[in-house]
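Grab a pencil and work through these exercises with the structure open beside you. Try each task before you read its solution.

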Amino acid sequence: MPRLNHVAIVVEDLEAALPFFRDLLGLPLARVADAPAEQVRVAFFPMEGGEIELVQPTDPESGVAKFLARRGPGLHHICVEVEDLDGTLKRLREAGVQLIHESPLVGSDGTRYAFIHPRSAFGVLVELYERASGA
Ligand SMILES: CC[C@H](C(=O)O)C(=O)SCCNC(=O)CCNC(=O)[C@H](O)C(C)(C)COP(=O)(O)OP(=O)(O)OC[C@H]1O[C@@H](n2cnc3c(N)ncnc32)[C@H](O)[C@@H]1OP(=O)(O)O
Ligand SMILES: [Co+2]
């Protein structure tokens, strides 16, 4: 069964957003980390069926900062798990889908990931995570 890994929400100030999700909604905060390669700071709240990711831009020139300036805080991307990221990207490329990353990137925890441009995904930014083998 395909899995939704996370839904991401862009915020102006991560620290200011944490109390709503952690204290008022009661969601467990798993981790807060800088992702310098993506020019963001992120927080993850694991839930049954997928996580919520909060994303704060750390560079005013980044795509995330531009999104925030144009649209304000709100839903930013969804992340779907795939078993074979290279094969999935190849299939998407061959179908004419606009990829943001031609080849997978590697997150600080070793997760391989890539993004599909919202122009090719019905207005939604889609992130793909490669599911760890055996997960
Ligand atoms: C380690 C990863 C971490 C994790 O999950 O573990 C993360 O999730 S990090 C999250 C932050 N990283 C990213 O978002 C990387 C992918 N995003 C980008 O590369 C850019 O933000 C991009 C290309 C989506 C937009 O950047 P930019 O505005 O410079 O690009 P374009 O001029 O090519 O496109 C502008 C066009 O796209 C629309 N847009 C932008 N962001 C979104 C969005 N999140 N959802 C829907 N649409 C979006 C924007 O409105 C423009 O539309 P247009 O109709 O052309 O005016
Ligand atoms: Co994400």
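**Exercise 1.** In what order do the eight strands sit in the open sheet, and what kind of pairing do they show?

*Solution.* Keep in mind that this is a predicted model.
- Start with the background: strands of a sheet pair through backbone hydrogen bonds, either parallel or antiparallel.
- Now trace the sheet, and you get E2-E3-E4-E1-E5-E8-E7-E6, with mixed pairing.
- At the edges you'll find strand E2 (31-35) and strand E6 (105-106), each of which pairs on one side only.

**Exercise 2.** Look at how E2 and E3 pair: parallel or antiparallel, and over how many bridges?

*Solution.* 
- E2 and E3 run antiparallel to each other, and five bridges join them.
- For one of the partners, take alanine 35: its bridge partner in E3 is valine 40.

**Exercise 3.** Describe the shell around ligand 1: which residues come nearest, and which element gives the most?

*Solution.* 
- There are 23 residues around ligand 1, and Glu38, Gly63, Phe115, Pro118 and Leu125 come nearest.
- Elements giving two or more residues include helix H2 (63-71) and strand E8 (125-130).
- H2 gives the most, with four residues.
- Sort the shell by type and you have 13 nonpolar, six polar and four charged residues.

Definitions and conventions
Residues are numbered from 1 along each chain as its sequence is written. Chains are lettered from A and ligands numbered from 1 in the order in which they are written. This is a predicted model: local features need pLDDT of at least 70, side-chain atom pairs count only at pLDDT 80 or more; totals for chains, interfaces and linings use all residues. A residue is near a molecule or strand if its C-beta atom, placed from the backbone, lies within 6 Å of it. Ala, Val, Leu, Ile, Met, Phe, Trp, Tyr, Cys and Pro count as nonpolar, Asp, Glu, Lys and Arg as charged, and the others, Gly among them, as polar. Two strands pair if DSSP finds at least two bridges between them.
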